[in-house]
Amino acid sequence: MNIYRFRKIEHLLGEFQELEKQSIYFAGPEELNDPMEGFRDIFWQGDEIVWTNFFKHYLCCLNQTFCLLKLTANSDKWDPNDIPVLQRWDQHPTPEFANLFNDICRRVFEKEGLDDCIVKIANTNCKIRYEGVLFYLYWIHFTALLEIQEAHINHGLSPENGRLFAGSLPGLRELNESGFFEQIQKTEDETLHDLLFEKINQVRAGLSLILKSNYRSEYQSTFEENLQLFIDFPQAYLKQRDRLLYPKWYTACFMKDYQNSSAWGHYGDGHKGVCLIFEVESKDERNSLTLNQTPHSFYEINYQDKAGETDFFRSVGWWLPRSDLIASWYSDQNGNLSECAAHLGSDGDEDSWRKSYWNIFSRDITIKTKDWKYEQESRLIPDGTSHDLDDKRRRTLAYNFNSLKGIIFGINTSELDKLEIIEIVQRKCQENNRTEFEFYQAYYCHKNGDIRKREIPLLSKVSKAMNQVTP
């Protein structure tokens with residue numbers, strides 16, 4: 001069976017020398033052309049235990065980022081990826097730091113009446129999605145910033161005159177007293193529930209944008225820019241939510257066919273590039289391609305109307321052992337266990353949980369909307385537990401030249417590029433004792449209205465002749 005991979009000439013022959021090195025690069029979702037790659041329809045629904053731990057995790061990340069801001073001062077611009085979302089909120093480097101964080105939690109929970117609000121949030125009848133969680137985080141955010149600041153002063157970590165934030169804004173306590181939660185609990189229609197939060201957040205986002213625009217010209221240093229970015233910390237924190245649920249993933253994309261003109265336009269550089277023809281290996285009904293001497297299985301892309309749902313509280317903590325996961329997310333200070341921990345199973349029997357977890361992981365990264373169905377895509381995805389590919393230099397793997405069956409030149413591929421490709425292939429055929437290699441020219445078929453290929457017989461004969469010559 002053949003599978004196809006479109007490449008631009010600049011990748012194949014230019015800086016990366018993919019043909020010479022027989023290399024395949026694995027890209028992160030942010031490098032792919034669809035901004036919805038890997039999108040997960042995440043919702044939050046759980047009891048008071050997991051919601052309490054969620055807010056504590058947020059406070060931990062906010063406090064750690066506040067510490068980072070003070071340490072880096074004017075030297076480094078704050079990056080949302082620096083938010084330490086993979087750190088456990090209940091573990092601290094020193095007893096002093098643990099006391100500081102406990103003081104912060106006490107202050108914020110008391111100031112906002114957070115325990116009472118969490119009970120009402122947990123008893124909401126609808127699943128809460130991104131807009132709803134963002135809304136709640138913004139309502140405690142400013143109070144949290146002020147209390148973190150005061151806690152640092154009281155613990156001798158900041159001078160009395162070193163306050164960075166001042167003022168006051170309504171928080172969850174005021175929201176609770178207004179009867180907001182009672183109204184939310186009456187709304188059982190999830191669509192209306194989501195729409196309410198979305199509209200409120202739109203107003204908040206507009207006001208934030210105006211505020212930034214008014215003060216933009218006054219930013220005199222990196223430090224002041226970093227301070228301003230704290231306005232959007234809840235949004236920056238939630239953008240890291242996928243990191244809490246699943247590891248980073250990388251992929252190399254292939255297609256089952258080469259005949260779509262749009263594919264040539266998008267991935268074949270406006271028909272100036274080429275299409276590589278690979279011969280896949282089949283075993284146990286799975287197709288694979290050997291890279292770095294290891295078989296990598298192909299995953300079929302599912303084209304559907306929308307992404308599958310992901311339950312945040314029943315998916316969080318992929319990087320933690322079961323005992324740590326329970327301690328950090330699924331139990332309270334009295335040792336009570338959350339109902340959201342039921343999916344973990346009994347201690348020492350994690351196989352079914354892990355299997356289900358990785359099945360959902362694979363499901364979400366192999367879904368695309370029906371708009372992309374013309375691609376007929378299959379993709380290679382390395383083991384999700386591997387951290388080696390986080391480094392771009394390790395994301396390029398090598399295939400066996402014998403797996404490359406042929407090359408289709410695009411309609412607009414230049415003659416010079418064709419000749420250079422032929423030269424490289426002929427030399428590699430000699431090195432690998434190959435007597436055959438297929439060269440094709442793509443053309444537009446007026447009869448069928450698609451792209452077809454015709455063999456270039458002269459090149460095939462030349463390739464065979466060249467391989468029969470003893471160097």
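**Core and overall build**

A: In this predicted model, the residues of the largest nonpolar core that touch the most other members are Trp44, Trp51, Phe54, Tyr136, Tyr237 and Phe312, out of 80 in total. A nonpolar core is a set of buried Ala, Val, Leu, Ile, Met, Phe, Trp, Tyr and Cys residues joined through side-chain atoms within 4.5 Å; buried means under 20% relative accessible area, exposed over 50%, and partly exposed in between (1.4 Å probe, protein chains only).

Q: Which helix gives the most to this core?
A: Helix 6, residues 130-154, gives 13 residues. Helices (H or I, at least four residues) and strands (E, at least two) are DSSP runs, numbered from the N terminus.

Q: Where is there a second core?
A: A separate one of 33 residues has Ile3, Phe298, Ile424 and Val425 among its members.

Q: What is Phe312 in contact with, neighbours within four places in sequence aside?
A: Its partners are Ile42, Phe43, Trp44, Phe54, Arg241, Leu244, Leu245 and Trp329, where contact means heavy atoms within 4.5 Å.

Q: How many helices and strands are there in the chain?
A: There are 17 helices and 17 strands.

Q: What percentage of the chain counts as buried?
A: Of its 471 residues, 49% do.

Q: What does the C-alpha trace span?
A: Along the principal axes, about 85 × 55 × 45 Å.

Q: Which conventions apply?
A: Residues are numbered from 1 along each chain as its sequence is written, and side-chain values use heavy atoms, without hydrogens and water. Local features need pLDDT of at least 70 and side-chain atom pairs count only at pLDDT 80 or more, while totals for chains, interfaces and linings use all residues.
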